[in-house]
Amino acid sequence: MKLPKIFRVWHMVALLVFICSASGVKAVSINITGQGANDGNWEVTTVSGSFNSLQGQLESQVWWGNSGLAGIFTGKVGSSFGSSNNVYGSQFGPFFAYAFYDRVDLAYYNGGNVVDSPSWTPVDSWAWATATRVPDTGSTAALFLVGVVALAAARRGWGSG
């Protein structure tokens, strides 16, 4: 049985959306509220290396200099990345660095808890969290595009053949 043309078109659209959204980098999307200018949607990823080698990137994070905000991000991400840091046999989530005074101050997720942990050595290699704000226009634009395609399909009679 041959499917109507509209179903074939939507199948191709769905396939293209899936291909375009696929990414080799694991990311976690979170929403921050109650933090003023930091409220909104964020995409959190991880980078690996020593603090010394990643210092500029880690110091540019929104939670840098704010242990409370680092804890909020850590709690929102939770165990989404698994236990990416093996520290002397204990498994911790990625580190959210927030200060550096000869040693790194950071927060991490472990066993359902957010842990604030100062004084880590900056030369050891770990998985570190980084975040990028996600503009709010994406979902609105996608919804608009779906509407435009649906209207075009209806006008052209794609569903009739």
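How many aromatic pairs does the count come to in this structure? The model is predicted, and local features need pLDDT of at least 70, side-chain atom pairs count only at pLDDT 80 or more, and totals for chains, interfaces and linings use all residues. Residues are numbered from 1 along each chain as its sequence is written, and side-chain values use heavy atoms, with hydrogens and water left out.

The count comes to 13 aromatic pairs. Rings of Phe, Tyr and Trp (its six-membered ring) pair if their centres lie within 6.5 Å; planes under 30 degrees apart count as stacked, over 60 as edge-to-face and the rest as tilted. Phe-51 and Trp-64 are stacked, at 6.1 Å centre to centre with 20° between the planes. Phe-51 belongs to helix H2 and Trp-64 to the loop between H2 and H3, 13 residues apart; helices (H or I, at least four residues) and strands (E, at least two) are DSSP runs, numbered from the N terminus. Phe-51 is buried, with a relative accessible area of 0%, whereas Trp-64 is partly exposed at 23% (buried means under 20%, exposed over 50%, partly exposed in between, with a 1.4 Å probe and protein chains only).

A second pair, Phe-95 and Trp-128, is edge-to-face, at 5.7 Å centre to centre and 75° between the planes. Because Phe-95 lies in the loop between strands S4 (90–92) and S5 (96–100) and Trp-128 in strand S8, this pair ties together parts 33 residues apart in sequence. Both Phe-95 and Trp-128 are buried.

Strand S8 also belongs to an open antiparallel sheet of three strands, ordered S1-S2-S8; strands pair if DSSP finds at least two bridges between them. S1 (28–32) and S8 (125–133) stand at the edges, each with a single partner strand, so one side of each lacks a neighbour in the sheet.
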